[in-house]
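User: I'd like to learn how to read a few features of a structure, one at a time. Could you walk me through it?

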Amino acid sequence: MDDSGGEPLIQVSSLKKTFRVLKKNPGVWGAVKALFSPYYNHIEAVKDVSFNINRGELVGYVGPNGAGKSTTIKMMSGILYPTNGQIRVNGLNPFKHKKKYAMKLGVMFGQRTQLWWDLPVSESFDLLQAIYRVDKTEYKKNLDYFNETLGIFDFWSQPVRRLSLGQRVRADLAASLIHNPSVLFLDEPTIGLDILAREKFRTLIKKINQERQTTILITSHDLGDIENIANRLILIDKGSVLYDGALKSFINKHSFHTRMIITFGDKITERKLPPGVTIIEKRGSTYEFELNRREVNYEKMLAALGSWGELKDMIMESGSLEEVLTRIYKDVK
Amino acid sequence: MIVFWKWTIKSFQRNMAYRLEYFVSLLNALLYMFIFTSIWGAVFVEGQTKNGLTRELMINYAIFATLIKVTVVKTRDFIGQRVRTGEIAVDLLKPFSLPMMTLADAVGSWIFQIFSRGIPLIALAIYFFEISPPKGFDIEFLLSYVFSFFIFHGLLFMFGVASFYITDNFPLWLLNSSAVSLLSGSILPLQILPESVQKFAIFTPYPYLFYLPSMKLLRDDFPFEYALLRQVLVIVIIYFIGFVMYRYGKTRLHIQGG
């Protein structure tokens, strides 16, 4: 499917999108004024975004509300026209080669469905097969695969409007992959799903990425999605890229908090802890500490705890993406 | 072409999904016929002629104009509604053009209306109003009727695409509905309107919607020369404007939620 040679599969350079928004003053007078003398604000939803993505990568695209994530995805999908900048996916320009481009692309918006609301699920798939010209054998093979992984035949003949949210998301994911796209964009795909459904969804995305070598870009406010499935992270805020690199390195570099759960022997003598350590919880001889690694390292901590008593067991949990991003978002604000 | 017809069939199926809506709209069309036949029956005395219109002609006009209208008019604003909800995003993703998608959707609804409303209403009209087959039912009428569908869809597409520029196209939609009611001949034949309105109307696409095919159906002496050609010209103009609006509109489209 990748016909772009040795170049990255997705190339985004200096992408910019400005929206013109009517500014209205509050109250009736403001509304009347806006009617006869409209004043527009120009909002830069995406300022200057550049990145490349190679074939088979699974990239998390994150940022706070209004950072420009969905706008970027919609531009990359060929729905929104950029004010400036270039997008090439599979060597194609989404706006010049619209039809060819759309045939190789799968997009799933968690908050919107591409299925026909009033008709059974099967009818939407029947239409999608015709739209994407999926060969009958391939179509059947894909349906069997999605039934095996997503259980779509359980609600195959139900009208879409009668599906539960979880069923609808499963059907929409299968619909976005029915034509074997080489690139898949997922915009808030797990919104509203329960823990179990989210877990299943993540497993499937990883599986599709590995088995089909589908290049996936995912945005999600549930950072568990990103942390569990993505290898690479692109962080944007106010329309600009703040970080682009390996997810693990990002967490290791920016996470300063570690949770340490220690179980002591029978005799414990509580002594003074080094600065940067706080006790979160005590349960008998088990203590839970939080370390700020900017103030204290593990060596100092273990030396201090050695004077408390015999260490019987120890669990350490380093920071999560959520913790890191919460702090970064706060700093940026 | 396969995609077009599949889409048309899905649209037809979707129209069948709501039984209550179907029966209510059928009843509504029948009431509409009763109201207008009663009005014209009261306004025109038997044997009286006004502006070349007779009581019998007006009653028949009310029935046939309603029949044409209920089969052609589509009340759903496909594009405008989807722009307001942001669902247009999923339509624009598909390797199938939006204008063709809206046309296929409209053709599906149209075929559904003909079978589900048109035919039962003809049967009901024969039973309740004892109408006889109109004199002007021929190939020219059928062509004129098909052209009315395309004019209506062209207008719908044009006003729908306007939502790419202004997001909420409801005021334009309302304006179009009012213009259809007044100038299309769905309620009043054009010659009943004041002369100044008639002169204005012929420069709009509306009289070519229902007035022309209804008159063709009912009057032998109706000057139908070049009428089909004029309808084609209206279709070309409306679609041209619609496509230009669509081409530029999609570059400035805003989609709800980024």
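User: Let's start with one residue. Is B:Gln81 buried, exposed or something in between?

Analyst: First, keep in mind that this is a predicted model. The general idea is to count neighbours: 20 or more other C-beta atoms within 10 Å makes a residue buried, and 12 or fewer makes it exposed. B:Gln81 has 16 other C-beta atoms within 10 Å, so this residue is partly exposed.

User: Which helix does B:Gln81 lie in?

Analyst: Look at α4 of chain B, residues 78–85; that helix holds B:Gln81.

User: And how do I relate sequence distance to distance in space, say for B:Gln81 and B:Phe44?

Analyst: You read the two separations side by side. Along the chain, B:Gln81 and B:Phe44 are 37 residues apart, and from C-alpha to C-alpha they are 42 Å apart in space.

User: Now helix packing. How do the axes of α3 and α11 of chain B cross?

Analyst: You want the approach of the axes and the angle between them. Helix α3(B), residues 55–72, and helix α11(B), residues 211–218, have axes that come within 9 Å and cross at roughly 130°. As for handedness, α3(B) passes α11(B) in a right-handed crossing.

User: Which residues meet there?

Analyst: On the α3(B) side you'll find B:Leu57, B:Asn60, B:Tyr61, B:Phe64, B:Ala65 and B:Ile68, and they meet B:Pro213, B:Ser214, B:Leu217 and B:Leu218 of α11(B). Sorted by type, the residues of this contact are 8 nonpolar, 2 polar and no charged.

User: Let's zoom out to chain A. What is it built from?

Analyst: Chain A has 11 helices and 13 strands. Its C-alpha atoms fill a box of roughly 75 × 60 × 50 Å along the principal axes, and of its 333 residues, 36% are buried. For the fold, check how far apart contacting residues sit in sequence: among contacts in chain A between residues at least 6 apart, 73% join residues at least 24 apart.

User: How many residues of chain A are in contact with chain B?

Analyst: Count each side: 25 residues of chain A are in contact with 23 of chain B. The elements of chain A that give two or more residues to this side are α2 (69–76), α3 (98–103), β5 (105–109) and α4 (121–131). Of these, α4(A) gives the most, with 4 residues. By type, the chain A side divides into 15 nonpolar, 5 polar and 5 charged residues.

How values were computed:
Residues are numbered from 1 along each chain as its sequence is written. Chains are lettered from A and ligands numbered from 1 in the order in which they are written. This is a predicted model: local features need pLDDT of at least 70, side-chain atom pairs count only at pLDDT 80 or more; totals for chains, interfaces and linings use all residues. Axes are lines fitted to C-alpha atoms, for helices over the stretch in contact, and angles run from 0 to 180 degrees between N-to-C directions. A crossing is left-handed if the near helix is turned anticlockwise from the far one by less than a right angle, and right-handed if clockwise. Two residues are in contact if their C-beta atoms, placed from the backbone, lie within 7 Å. Ala, Val, Leu, Ile, Met, Phe, Trp, Tyr, Cys and Pro count as nonpolar, Asp, Glu, Lys and Arg as charged, and the others, Gly among them, as polar.
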